[in-house]
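Have a look at the sequence and the 3D view below. Then read on for a short briefing, sorted by topic.

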Amino acid sequence: MTEVRAIDVVGVGPGDPQYLTLYGRELIAAADYVSGFRTVLGTVTEHIRGQTIVLDYRNQADGL
């Protein structure tokens with residue numbers, strides 16, 4: 001049996017945590033991995049329960 005995996009993309013808006021939707025928070029909290037640039041991850045850190053993958057302009061293709 002093949003395991004089905006999903007990739008969800010959550011936008012953080014203008015970077016203010018109060019604009020993150022409840023559904024976005026739930027997706028981030030349930031994710032095994034959360035990737036993004038350091039500043040973006042800083043916006044949602046309190047919701048991350050899984051592993052983070054910090055991206056920058058040099059490693060973003062490999063990180064994703």
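**The pocket and its surroundings**

Let's start with the lining of the largest pocket: β1 gives the largest share, 5 residues. Helices (H or I, at least four residues) and strands (E, at least two) are DSSP runs, numbered from the N terminus. Keep in mind that this is a predicted model, where local features need pLDDT of at least 70 and side-chain atom pairs count only at pLDDT 80 or more, while totals for chains, interfaces and linings use all residues. Residues are numbered from 1 along each chain as its sequence is written, and side-chain values use heavy atoms, with hydrogens and water left out.

**More on the pocket**

- On a 1 Å grid over the protein atoms alone, a pocket is an open set of points where a 1.4 Å probe fits, with protein on both sides within 12 Å along at least five of seven lines; its lining residues have an atom within 4 Å of a point.
- The largest pocket has a volume of about 870 Å³, and a volume here is the space filled by probe spheres set on the points, which are joined across faces, edges and corners.
- Its lining takes in 26 residues, and Ile-7, Asp-8, Tyr-33, Val-34 and Ser-35 lie nearest the centre.
- Two or more lining residues come from each of α1 (22-30), β1 (33-37), α2 (38-44), β2 (51-55) and α3 (60-63).
- By type, the lining splits into 18 nonpolar, 5 polar and 3 charged residues. Ala, Val, Leu, Ile, Met, Phe, Trp, Tyr, Cys and Pro count as nonpolar, Asp, Glu, Lys and Arg as charged, and the others, Gly among them, as polar.

**The chain as a whole**

- The protein chain has 3 helices and 2 strands, and from the N terminus on they run α-β-α-β-α.
- Its C-alpha trace spans about 40 × 30 × 15 Å along the principal axes.
- Of its 64 residues, 19% count as buried. Buried means under 20% relative accessible area, exposed over 50%, and partly exposed in between (1.4 Å probe, protein chains only).

**The nonpolar core**

- Seven residues form the largest nonpolar core: Val-12, Leu-20, Ile-28, Val-34, Leu-41, Val-44 and Ile-48. Such a core is a set of buried Ala, Val, Leu, Ile, Met, Phe, Trp, Tyr and Cys residues joined through side-chain atoms within 4.5 Å.
- Val-44 sits in helix α2 and counts as buried because its relative accessibility is 2%.
- Beyond four places in sequence, Val-44 touches Val-12, Leu-20 and Ile-28, where contact means heavy atoms within 4.5 Å.
- Ile-48, again leaving aside neighbours within four places, is in contact with Ile-28, Val-34 and Leu-41.

**Two loop residues**

- His-47 is in the loop between α2 and β2, and it is buried because its relative accessible area is 14%.
- Asp-32 is in the loop between α1 and β1; it is partly exposed, at 49% relative accessibility.
- The C-alpha atoms of Asp-32 and Gly-50 are 4.6 Å apart, though the two are 18 residues apart along the chain.

- The chain averages a pLDDT of 87, and 94% of the residues score at least 70; pLDDT is the predictor's confidence in each residue, from 0 to 100.
- Confidence is lowest in α3, with a mean of 79, and highest in α1, at 94.
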